[in-house]
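Thanks for making the time this morning.

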Amino acid sequence: MTRMVRINRDRLWASLMELKQIGAYHDQATGLRGVRRLALTDADAQARRRCVDWMLQAGLEVRVDRIGNVYATRPGRDRSLPCVLMGSHIDTVATGGAFDGTLGVLGGIEVMRTLNDAGIQTLRDIEVGFFTEEEGVRFGTDMLGSAVTAGRIPLEVARKLTDEAGKTVGDELIRIGFDGEAHERRPVPHAYLECHIEQGPILAGAGVDIGIVEGVQSISWQRLTIHGEAAHAGTTPIASRHDAGLAAASVVVEARRMCDSSDFGQLRATVGNLGIGGGQTNVIPRQATLTIDLRNPADDLMTAAEQHLASYAGELAAQHGVRIAWERMAKTAVVPFHPGIQDLLAATADDLGLPYVRVMSGAGHDAQEIAAICPTAMVFVAGENGGISHTPREYSSPGACANGTDVLANAVLRLADQP
Ligand SMILES: [Zn+2]
């Protein structure tokens, strides 16, 4: 006989609305109040402390590891068994909303409260956690905390990463009081579940609140620095120029052309940073820098896209007489989630009477890192306004958030009772 629980919807919503006050800012572009809680800033530290308070109030055992990931445990009957882990992140981009990452963490805490209220004891320990620097905005590497936990990035490398001001992850962890002692390579969980907003339009388009995620598409981030030659705008003949700005602009246009062609499958390419050094009206740009974010649900087509961009850059360099330096910022392959746990999530949603669709994730998530160490799956929650995210317009309704967290709660309950 499967036990079923329902989370407290109002309590979950109240927590979401409370945490969004931390790091709140007025967004000029939208006129809305957004959330700016970059990893390991004072705002992030304050939000971390609030979450730890909630974890302690729920009677959980809290620990912090050496990369600042925070875990809270609800003991099971047999503590020798690997736990069931829930988690996500509470850091945001500079123009963030109230739901990205936060829903999975506060939802996980709400699951714990719900189990407490129902007086339910589980066979296995249940944990809820949040991972450091998921967004990668401040220190340039996304999913940092979970990647360290999964062993993809060594702790020493992660702690030495710097922000634009030259501050290191390690020093910032110490400064905000989250330089923990627990080993970053945590005990391997029985399973990991992450509830997260979809950040896309598919669920709303299908008229459902719930998505069961089949996997995460491949992500590739690169930084290009183009070295040209500064020269007089009026006297330098067009044919003699080494225009770094022109080469950069050509890369932007080519990236879009690649997406519009059918050669690279469902490629998505974005140049989110584009800068021209010098910045004088009457001087040909000497240097330009840009970042390219590539996404693809197929690994072979991602490789083809990367190779094409590299050869295109080679042609540009020859054509314009510029030098182009590449730096790989991040690369992750397609990560398929555990089929058995996907099916368990589907059965749970069925039992709750909640319709769902199965989807691939367009965004990167901590779950893709943790999938390397234990069976992992994700629940998506529909968003409004086309699922827009990384802007203060990001919004998921109280009902959708609660339904997703109900699926999380009951799936965790089943996993935690597996012998
Ligand atoms: Zn997120």
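Let me begin with helix α8, residues 244-260, which has 17 residues and reaches 25 Å from its first C-alpha to its last, close to the 24 Å expected at 1.5 Å a residue; the expected span is 1.5 Å times one less than the number of residues, and helices (H or I, at least four residues) and strands (E, at least two) are DSSP runs, numbered from the N terminus. Before I go further, please keep in mind that this is a predicted model, in which local features need pLDDT of at least 70 and side-chain atom pairs count only at pLDDT 80 or more, while totals for chains, interfaces and linings use all residues. Residues are numbered from 1 along each chain as its sequence is written, and side-chain values use heavy atoms, with hydrogens and water left out.

Which residue caps the N-terminal end of α8? That is D243, with a side-chain oxygen lying 2.9 Å from the backbone nitrogen of G245. The buried residues of the helix are A244, G245, A247, A248, S250, V251, E254, A255 and M258, where buried means under 20% relative accessible area, exposed over 50% and partly exposed in between, with a 1.4 Å probe and protein chains only. Among the elements that cover them are β9 (218-227), β10 (268-276), β11 (287-296) and α9 (299-320).

Stepping back to the whole chain, the protein has 12 helices and 15 strands, and 57% of its 419 residues count as buried. Its C-alpha atoms fill a box of roughly 80 × 45 × 40 Å along the principal axes. A compact globule with 419 residues would have a radius of gyration near 22 Å, and the 23 Å of the protein agrees with that; the radius is taken over C-alpha atoms, and the globule rule is 2.2 Å times the number of residues to the power 0.38. Of the contacts between residues at least 6 apart in sequence, 80% join residues at least 24 apart, a contact being heavy atoms within 4.5 Å.

Now to the metal. The zinc ion has H89 (NE2), D100 (OD) and H196 (NE2) as its protein donors, lying 2.0 to 2.2 Å from it, and in sequence these residues are spaced H-x10-D-x95-H. A caution on the site: donors are N, O and S atoms within 2.8 Å of the metal (3.2 Å for Na, K and Ca), and because water is not among the atoms, sites may look incomplete.

What covers its buried residues includes β7, β8 (210-216), β14 (356-361), β15 (376-381) and α12 (398-416). After α10 comes G353, with a positive phi near 75°.

Within α10 sits T348, which counts as buried because its relative accessibility is 0%. Leaving aside residues up to four places away in sequence, T348 touches V407, N410, A411 and R414. With R414 there is also a side-chain to side-chain polar contact at 3.5 Å; such a contact is a pair of N or O atoms within 3.5 Å, where within protein one must be able to donate a hydrogen and the other to accept it, and residues adjacent in sequence count only if both atoms are side-chain atoms.

How many disulfides are there? The count comes to zero, a disulfide being a pair of cysteine sulfur atoms within 2.5 Å. For C401, the nearest cysteine sulfur is that of C195, 7.8 Å away, and C401 counts as buried at 0% relative accessibility.

I will finish with backbone angles. Most residues other than glycine have a negative phi. L40, in the loop between β2 (33-35) and α2, has a positive phi of about 65° and is buried at 0% relative accessibility. E133, in the loop between β6 (126-130) and α4 (144-150), has a positive phi of about 50° and is buried at 2%.
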